[in-house]
Number of protein chains: 4
Amino acid sequence: MKGLKLAALNGQKRTVIDVGGVRIGEGFTMIVGPCSVDDEETFLATAVAVKEAGADMLRGGAFKPRTSPYAFQGLGLAGMKILAKARNLTGLPVVTEVVDPRDVRWVVDYADVLQIGARNMQNFSLLREVGRTRRPVLLKRGMNATIEEWLYCAEYILSEGNPNVILCERGIRTHETYTRNTLDLSAIPAVRELTHLPVITDPSHATGRPSLIGPMCNASVAAGSDGLILEVHCDPNKARCDKDQALTPEQFAAIDRNVRKLHHFMEDEQDAQDPSGSAQWNMHDICGGYDLQSPGACGN
Amino acid sequence: MKGLKLAALNGQKRTVIDVGGVRIGEGFTMIVGPCSVDDEETFLATAVAVKEAGADMLRGGAFKPRTSPYAFQGLGLAGMKILAKARNLTGLPVVTEVVDPRDVRWVVDYADVLQIGARNMQNFSLLREVGRTRRPVLLKRGMNATIEEWLYCAEYILSEGNPNVILCERGIRTHETYTRNTLDLSAIPAVRELTHLPVITDPSHATGRPSLIGPMCNASVAAGSDGLILEVHCDPNKARCDKDQALTPEQFAAIDRNVRKLHHFMEDEQDAQDPSGSAQWNMHDICGGYDLQSPGACGN
Amino acid sequence: MKGLKLAALNGQKRTVIDVGGVRIGEGFTMIVGPCSVDDEETFLATAVAVKEAGADMLRGGAFKPRTSPYAFQGLGLAGMKILAKARNLTGLPVVTEVVDPRDVRWVVDYADVLQIGARNMQNFSLLREVGRTRRPVLLKRGMNATIEEWLYCAEYILSEGNPNVILCERGIRTHETYTRNTLDLSAIPAVRELTHLPVITDPSHATGRPSLIGPMCNASVAAGSDGLILEVHCDPNKARCDKDQALTPEQFAAIDRNVRKLHHFMEDEQDAQDPSGSAQWNMHDICGGYDLQSPGACGN
Amino acid sequence: MKGLKLAALNGQKRTVIDVGGVRIGEGFTMIVGPCSVDDEETFLATAVAVKEAGADMLRGGAFKPRTSPYAFQGLGLAGMKILAKARNLTGLPVVTEVVDPRDVRWVVDYADVLQIGARNMQNFSLLREVGRTRRPVLLKRGMNATIEEWLYCAEYILSEGNPNVILCERGIRTHETYTRNTLDLSAIPAVRELTHLPVITDPSHATGRPSLIGPMCNASVAAGSDGLILEVHCDPNKARCDKDQALTPEQFAAIDRNVRKLHHFMEDEQDAQDPSGSAQWNMHDICGGYDLQSPGACGN
């Protein structure tokens, strides 16, 4: 991956991205909300509920890429206005997907973070366009993308002048059918050794099953993820999109409590082992602390 | 998965398998050693080193399934005798792979746990033969197997009368090439909701990269794994098999410390939330504690 | 696939698309040229050479989606002008990729067929935009797309009012590494039983190896493909893109001769078996001629 | 693939394997029959029907590897005796699967060709055991195997002294769900450039859909396959195994006619282009006839 001129780690400091006071890449960030913005009442109710339950940021799609042209495609501008209301109501920054380079110009007025979805990971026109703004970009991994291809997509954005890229592992497509996708958690430490950009995890799309989301949230923290993006709906049965994988606010509240305790535990261990804070417990203290080239003598 | 007559969870108690005092499915089990038994001196040195570093059981292959017929295939009976010596020396039970149904009869005299490798997961003759013993069996998931196919392979063993099956997730084959395989950690909670059998993780074969093993060990604990199987060699550069992914005993010691602290933390949280001990923190308290069918009212 | 309102076969006539007198879906169409338009001299030389060797249409990219932002991205408008010159010089219609919805408006002035590349298969904004023209669209299958998802992308274009969609199988991403992708030839008869749209094959991108292209061209004809799209360059070693898989004009001439003989043979057999011409030899006469529901009595 | 000491092509003559007068690797071989030997009456009826319809050899499983231990596992020895009767009745040699190394010794008394199934491709004990006989072996590609791994499995058999290995492509497991597997036809010319062993195709297991089998048979011939193995049952609805993909004898008869005409056409073309018979039309005359390293000058 010699060509990652801007994205490569190369011993530099990890990037922290400030989104309205939420610092992604520092602490642990919870981005929560329904798959799509269905209507104002439901979205605002969900927004308030997830804020109370611990969310740091709101998510909600106004443009929904759907397999069929006849499925609900999102509310567009009307949805953006609902997102803005939710931000005013809760004080939480909002993340929303942009799918067309022509929309970037005006979506930046509504979105605190621009999401590039998995299907558009290699939509290079769109990458360049969001790269020409300074708005933070949440770049989801394509469902068949290698880690290398994903990082080159980050490089597309960085090379246009926007340094604010957040990576998001959301599961890859494999032969397994029990889960919607296969969450590739080894991508988290892989990305952390290859790039300085923050990386979060999306267990909702990866598993597609509420019963697996909790354990995969915990596993994401333990793997070194900087945050989570979760689908939560105040009434999942009425969700217009992905209702089978949506959590209730109560379920999210329980996950949030556990995940934050786990993250504090991991940070405390990290600090105890490395008071300088220069390394990360779950990674460099375990393996990186040893010179892999001369792994030490033993009895023989 | 209606046909899992014996393997299905169906609300029954989780199986705990006693291997010479090590109770798999209770606490957290560390199975450690080199990929192959290369020679007596090296294996005994590694065995002593990993015991001191925290291992509960020893692993080491005397029969090695290799892509090429001209690669080192293991020491066979001579290797088994070295395993027995290592057990005597350290007191640790040993896990070793069996690849031929004709060998099961005598390998049981040397092995505390019989391993079925990924390539033999659907070698039904071999499954039936180990099913006719009462020796615990470590059943690795095939690299292209669905979770359903894997559990049916456990059912083959159980249906012959051997109830002692330990499942092992070791990564599946995907399009990603940065890692050797893709560790499917969502399979851990999936298996836990489908079956009562214990399940462990193999981050060494899954990642093929020492730098990723530590984070994936932590993530395995957090996902609800009952243990780990790790490749450790007292001098990785001299290993005759898989040397690129072998850890040193020192690296393993650091992982062992971190993993056990993390496991204790998870258990303490679990006990605090569920004093009866009937559920598991990282799974049922997060999502299972809510009735997924009536997910609560909200504003609308 | 109930939602394919416009793309579904439903017993209707197969679509034939006229591109400047070349009728795709009738006879056999050869679309040939370099991966990218590198410079005028080379492109015109290649264009003349492939016309002499038997090509029906020219291909050449002026917009190249590349993994790295620092790789050659195509000549853009300058490339389009070279394509127009080549068309004037040879009389062959041209196919070229469009990657940004904002470019569709003016690219239609240069392209006889608009290509949607594999990475943009689910770029729904782009699909809608080309759907609003009447220019024929060559829709490549995404490298991780199911046949169903691919046909729904065709439906996106059709639903905007453009009936001229040509499907193109170009290989899917699998675990195999000997070939660049895995050509899924079973998709050809699958598509033919699901939709009335013509379908062609791209063995260049699918195999990535010149030595395999010839056999895969023959196999495509035999599977029922309506044509081929092939990368040919008058000096492959100097190609700025995909030079390892480019054929020389001489290699293409040999393939063209063989493929057309084979296609005539297949058509003659078809006509002999079904003088009405209502079925297709390599498909409906083989299996469709029998009632699959009552497969006939036998001795027992 | 440097380690293929015996399997590599290295410019040597293609292997032709004689099975009771049927010469595999010369002409085109049709191996036909039901998935499993269900009962004597049905099997003999099918055997007679497929012989009349054009089969060169019979197939039928007496040992069936099945996902569930409770599914029909085949008739074992009783099935072998039925196979022997069918051979006596029709004069056709029989192919049958062996799954346990302990059975090889006596199955050779019943089988003219020993089949190694996809699940057992890397069952190295079984490979060595069939390698110690001189009975021809039909080696199916594992559903997640690379071409390289597959050829090394052939090498296991050859290295034990048995030179009679027939390779069989039967589809690989991918993300596509419309077909049972994905037939990798590019593996046919790939294998032909890497090894001297004959290679056949199994479109029944690859597609799992009768409507796709005919086109894939034609495509296999055109890709250079030396034969086909097809599931045919005289009453598919009553088949105990894989009934959804079984053809009727009448359907097979139509495929057989078309495939043989196509094969003769391909051979005639080959002879016309290369009277010495040293190359193969669909491969070396198309691409191999040109020096890929100096692909010829063009106008620029």
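Which residues of chains A and C are linked in a network of salt bridges?

1. The network joins Asp100(A) and Arg102(A) with Arg128(C), Glu129(C), Arg132(C) and Glu160(C), a salt bridge being a side-chain nitrogen of Lys or Arg within 4 Å of a carboxyl oxygen of Asp or Glu. By this rule the count over all chains comes to 84 salt bridges.

2. A note on the basis of these points: this is a predicted model, in which local features need pLDDT of at least 70 and side-chain atom pairs count only at pLDDT 80 or more, while totals for chains, interfaces and linings use all residues. Side-chain values use heavy atoms, with hydrogens and water left out, residues are numbered from 1 along each chain as its sequence is written, and chains are lettered from A and ligands numbered from 1 in the order in which they are written.

3. In chain A, Glu160(A) forms a salt bridge with Arg128(A), with the closest N and O atoms 2.7 Å apart. The pair links distant parts of the chain, 32 residues apart, since Glu160(A) lies in the loop between α5 and β8 (165-169) and Arg128(A) in helix α4 (residues 124-131); helices (H or I, at least four residues) and strands (E, at least two) are DSSP runs, numbered from the N terminus. Glu160(A) is partly exposed at 23% relative accessibility, whereas Arg128(A) is buried at 18% (buried means under 20% relative accessible area, exposed over 50%, partly exposed in between, with a 1.4 Å probe and protein chains only).

4. In chain C, Asp256(C) and Arg260(C) form a salt bridge whose closest N and O atoms are 3.1 Å apart. Because these residues are four apart in helix α9 (residues 249-273), about one helical turn separates Asp256(C) from Arg260(C). Asp256(C) is buried at 6% relative accessibility, while Arg260(C) is partly exposed at 21%.

5. Glu149(A), in helix α5 (residues 147-159) of chain A, is buried, with a relative accessible area of 11%. Leaving aside neighbours within four places in sequence, Glu149(A) is in contact with Met121(A), Gln122(A), Asn144(A), Thr67(C) and Arg173(C), contact meaning heavy atoms within 4.5 Å.

6. The axes of helices α8 (residues 210-223) and α9 (residues 249-273) of chain A come within 9 Å and cross at roughly 20 degrees, the axes being lines fitted to C-alpha atoms over the stretch in contact, with angles running from 0 to 180 degrees between N-to-C directions. That makes α8(A) roughly parallel to α9(A) (angles under 35 degrees count as roughly parallel, over 145 as roughly antiparallel, 65 to 115 as roughly perpendicular and the rest as oblique).
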